[in-house]
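Subject: Handing over the protein–DNA model

Hello,

Here is the structure I promised to pass on to you. Please have a look at it first, and then read on for what turned up in it.

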Amino acid sequence: MARRTQVKDRSLAAIDGAVRLETMPGFIAPQLDSLKPKPPTGDRWIHEIKLDGYRSRAHVVGSKARIFTRKGLDWTKRFAAIADALAALRVDQAIIDGDFVVVVDERTDFGALQADLAAGRQDRLLFYAFDLLYLDGYDLRRVPLLERKRALKRLFENAGLAAPVLYSEHLEADGAAKRLNWEGIISKRADAPYRSGDRSDSWQKVKTSVRGEFPIVGFIPGVGGISALYLGKREGKDLRYVGKVGTGFSRVVSADLRKRLDAIATPKQKLTKPVRKPKARWVEPSLIADVEYRDVTDDGSLRHPSFKGLVKA
DNA sequence: TTCCGACAGTGGGGTCGCAAT
DNA sequence: ATTGCGACCCCACTATCGGAA
């Protein structure tokens, strides 16, 4: 026992920046990312696959693991299968940062994750670990990222961990993002410490988004303009509802849109299958919105939509 | 002086549970 | 029984302000 501790201490003390800290910290707020149009270049960056799931923190203590959400709520019960698997790490104490996901057709599927959790289904859940913040008496937050990831990988390999708990590999080579058909990547400074709540440039998110043109079928009035637009999509002769967009326009654009929409107001909605929207004012679907979005939900609504402008007629 | 990071506030698609209708 | 609301999860974005550059 004493020997094991010694060996462990030596290997961790050798990591520059590891801080001896007897008692494991409580909840640690997650480091965040900033959104960028292009990934950074240079060998000071590593690139990880962007996972679409629930950001989580696993606290492993001996044969028990607890799972915390982004805001620090205890969701261990909802992820009980993963918590059990994490106990196989056989560490005294560890805090691991990662994402809970469900993979469908080789990509992370947020809708499936939500559906599974709602149904209490856990057999498809995966935990992708990408950071190690604390291990057996050492606070690693000031250790460079690459060292933290090495320690995490070693930990997983030693324990022989496999699905549903996985180590999130990264690429150090530039251009990786371009080659691979990912939905997005997170680029991280290889030498940076872990900074809770930080949204500055040491973690950068680059996402591949989809852009489309959708007729505006109505809007929700707001002070000085609109608060959201209702969107449709032409499918043959039909005009199908695809959700609303409420961001992307400045106050000025919002006011301008309001003027244009008031001019084409119509008492009856033009959607083929009417939707019940008490706050809506309907318009002739003659204005086309340019909208960026990331995904389409199961029922055909745009996910994370943002307004980019009106399409010139 | 200008620029940028942090924060607050608005909006989206979901889930849940509770309370008012 | 239905609806609305707020709290969670995932977000995109605008506007503001104070401090850094």
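A word on terms before anything else: two residues are in contact if their C-beta atoms, placed from the backbone, lie within 7 Å. With that cut-off, take the contacts in chain A between residues at least 6 apart in sequence: 67% of them join residues at least 24 apart.

Please keep in mind that this is a predicted model. Chain A has an average pLDDT of 86, and 92% of the residues score at least 70.

**The overall picture**

Chain A has 313 residues, and buried residues make up 33% of them. Its C-alpha atoms fill a box of roughly 80 × 45 × 35 Å along the principal axes. There are six helices and 21 strands in the chain. The chain is divided into domain 1, made of 4-30 + 52-167, and domain 2, which covers 210-310. Taken over C-alpha atoms, the centres of domain 1 and domain 2 are 41 Å apart.

Nine of its twelve residues are buried, so β6 is largely enclosed by the rest of the structure.

Which strands does β6 pair with? Here are its partners:

- Strand β4 (residues 54-61) runs antiparallel to β6, and eight bridges join them. In this pair, Tyr54 stands opposite Phe100.
- Strand β8 (residues 125-135) is also antiparallel to β6, with nine bridges between them.
- Strand β7 (residues 107-108) pairs with β6 in the antiparallel sense over two bridges. The bridge partner of Val103 in β7 is Thr108.

β6 and β7 form a hairpin with two residues between the strands, and in this hairpin Asp105 takes a positive phi near 55°.

**A five-stranded sheet**

Next, have a look at an open sheet of five strands. The order is β2-β13-β12-β3-β11, and the pairing is mixed. Its edge strands are β2 (34-35) and β11 (170-171), each of which pairs on one side only.

How many of the residues of β3 are buried? Five of the five residues in β3 (residues 45-49) are, and the strand is mostly covered. Trp45, His47 and Ile49 point one way from β3, while Ile46 and Glu48 point the other way, and all are buried.

On to the neighbours of β3. Five bridges join β3 to β12, and the two run antiparallel. Ile49 has Ile185 in β12 as its bridge partner. Ile185 also stands opposite Val206 in β13. β12 (residues 184-189) and β13 (residues 203-207) are antiparallel too, joined by five bridges. β3 also pairs with β11, in the antiparallel sense and over two bridges. In that pair, Glu48 has His170 as its bridge partner in β11.

**The residues around the DNA**

Finally, the two DNA strands. Around DNA strand B there are 21 residues, of which Ala118, Ser227, Gly243, Gly246 and Thr297 come nearest. By class, four residues of this surface are nonpolar, eleven are polar and six are charged.

Which elements each supply at least two residues of the surface near DNA strand B? They are α3 (110-119), β14 (210-222), β15 (225-235) and β16 (238-245). The largest share, three residues, comes from β16.

Around DNA strand C there are 16 residues, and the nearest are Arg55, Thr69, Lys71, Ser250 and Ser306. The surface near DNA strand C has four nonpolar, six polar and six charged residues.

Best wishes

Technical notes. Residues numbered from 1 in each chain as written. Chains lettered and ligands numbered in written order. Predicted model: local features only at pLDDT ≥ 70, side-chain atom pairs only at ≥ 80, totals over all residues. Near = placed C-beta within 6 Å. Nonpolar A, V, L, I, M, F, W, Y, C, P; charged D, E, K, R; others polar. Helix = DSSP H or I, 4+ residues; strand = E, 2+ residues; numbered from the N terminus. Domains from an automatic or database assignment. pLDDT = per-residue confidence, 0-100. Buried ≥ 20, exposed ≤ 12 C-beta atoms within 10 Å, placed from the backbone. Pairing = 2+ DSSP bridges.
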